[in-house]
Each structure stands twice: as C-alpha cells, then as structure tokens.
Amino acid sequence: MNISFTYNRSKVIQALRYHFISKKEIRLLIIFVNVFALFAAAMFFWKKITPVAFLLSSFLWFALMISFWFILPLTVYNRAKTFKDAFNLTFLDSYMHIENPNGSKNWNYNSFKYFIETPNFFHLYIDDRSFFLIPKDAFANDDDTHNARVLLREKIGQK
C-alpha cells in the first residue's frame, strides 16, 4: 500500500495535544493544578483566603492550561521541519519506505515501540518522546485505513 501526504497544521496541533496529554507526568500535573484550583475556590468561598490569593491561583491554572493547550503544541509544530514536508509512504511486509524531497529511509517495524490511534492520525512511537504521524486522510478509503491499522497492530503493537 502506498500513500502520499502533507500535514494539515490544525490537525497536527491537535495530535500534539493528544501526545502531551497522554504523558503520565503531564496528566498528573494537570490533575494536581485542577485540585489546587478547586481547593482555592472553596477556600475563597468560605472566606479563608483573600481575593488576591484566589486570583493568583486562578492565574496559575489559566497559565498552565494555556501553555499545554496552545503554547507547547504551537512551539513544537513551528520548530519541526517535518510537518512542512510532503511524504510518500509505502507499507511493505517487513518495513516501511518513506521518502520526501530531502531523501528516503526504510524503517523496520521493530524500530517502533508502539503506536496509538487518534481521530486524525496514527502515532508511531520510536520512544516515549519521538514519534511519526501518519494522517488517516491520506488513505484512499476506509478499507485502506483499516488495513493499515491491522498491519500496524500486527507489526508494531498498539498501546
């Protein structure tokens, strides 16, 4: 199976959000800050803290949410040259062949630790921080998408 694709900026940014939120340490930090914000709201409601302390905790919550939802994905997108290239990807039995205007590479399936599927992409993880995105809309039809999903499950394994 052979596909050609370029990346859609808004879909890639959403995929990066999925990536960041899937990380355990980020999820724990968000949970901790949300519990802290609820605690601060309750303390303000019962007049145990001043409005300035509540506003400060609210600012912390807003800053964290804005950074994880907007700033971090945009920063990664803007720094990565990969998302601006066009690719041709061929799925073969023992490896994937990928090429772009800068060159080509054969990737053995065992080079990837696992993959996850999100609404718009297959995320193929090389390690916990490095991954390659394959857009689902690059496939000609739903049968090709399903065949790719089955192949990836068989050759790489889903998390």
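View 1. Ser-58 is buried, as its relative accessible area is 18% and the limit for a buried residue is under 20%. The model shown in this and the following views is a predicted one. Ser-58 belongs to helix H3, which covers residues 51-79. From Ser-58 to Lys-24 the C-alpha distance is 23 Å, and the two residues are 34 positions apart in sequence.

**View 2. Met-43 in helix H2.** Met-43 is part of helix H2, residues 24-45. When residues up to four places away in sequence are not counted, Met-43 touches Lys-48 and Ile-49. Asn-78 is 35 residues from Met-43 along the chain, and their C-alpha atoms are separated by 40 Å.

View 3. The protein is divided into domain 1, residues 9-79, and domain 2, residues 84-156. Their C-alpha centres lie 31 Å apart. Domain 1 gives 10 residues to the contact, and domain 2 gives 13 residues. Together the domains bury about 930 Å² between them, and 59% of this area is on carbon and sulfur atoms. On the side of domain 1, the residues that lose the most area to domain 2 are Lys-11, Tyr-18 and His-19, which together make up 49% of what that side buries.

**View 4. The salt bridge between the domains.** How many salt bridges are counted between domain 1 and domain 2? The count is one salt bridge. The side chains of Lys-11 and Asp-137 meet in a salt bridge, with 3.0 Å from N to O. Lys-11 lies in helix H1 (residues 9-22) and Asp-137 in the loop between strand S7 (131-135) and helix H4 (142-155), so this pair ties together parts that are 126 residues apart in sequence. Lys-11 is partly exposed, with a relative accessible area of 27%.

**View 5. The salt bridge between Asp-128 and Lys-113.** The side chains of these two residues, Asp-128 and Lys-113, meet with an N to O distance of 3.8 Å. This pair links distant parts of the chain, 15 residues apart: Asp-128 is in the loop between strand S6 (121-125) and S7, and Lys-113 is in the loop between strand S4 (103-108) and strand S5 (114-117). Are the two partners buried or partly exposed? Asp-128 is partly exposed, with a relative accessible area of 40%. Lys-113 also counts as partly exposed, at 47% relative accessibility.

**View 6. The salt bridge between Glu-117 and Lys-136.** In this salt bridge the side chains of Glu-117 and Lys-136 meet at 2.6 Å, N to O. Glu-117 is in strand S5 and Lys-136 is in the loop between S7 and H4, so to speak of the pair is to speak of a link between distant parts of the chain, 19 residues apart. Glu-117 counts as partly exposed at 25% relative accessibility, whereas Lys-136 counts as buried at 17%. Salt bridges that share partners join Glu-117, Lys-136 and Arg-149 into one network. The count of salt bridges comes to four.

**View 7. The open sheet of four strands.** In what order do the four strands of the open sheet stand? The order is S1-S2-S3-S4, and the pairing is antiparallel. Strand S1 (2-6) and S4 are at the edges and have a single partner strand each, so one side of each is left without a neighbour in the sheet. Neighbouring strands of this sheet are turned by 20° against each other on average, direction ignored. Strand S3 (residues 95-100) and S4 run antiparallel and are joined by six bridges. Glu-99 has Ser-104, in S4, as its bridge partner.

**View 8. The hairpin of S6 and S7.** S6 and S7 form a hairpin, and five residues lie between them. The two strands run antiparallel and are joined by five bridges. His-123 stands opposite Leu-133, a residue of S7.

**View 9. Strand S7 and its two faces.** Why is S7 described as largely enclosed by the rest of the structure? Five of the five residues of S7 are buried, so the rest of the structure largely encloses this strand. Both faces of S7 are covered. On one side are Phe-131, Leu-133 and Pro-135, and on the other are Phe-132 and Ile-134, all of them buried.

Note on methods: Residues numbered from 1 in each chain as written. Predicted model: local features only at pLDDT ≥ 70, side-chain atom pairs only at ≥ 80, totals over all residues. Heavy atoms only, no water. Buried < 20%, exposed > 50% of the residue type's maximum accessible area, 1.4 Å probe, protein only. Pairing = 2+ DSSP bridges. Axes fitted to C-alpha atoms, helices over the stretch in contact; angles between N-to-C directions. Domains from an automatic or database assignment. Contact = heavy atoms within 4.5 Å. Buried area = accessible area lost by both parts, 1.4 Å probe.
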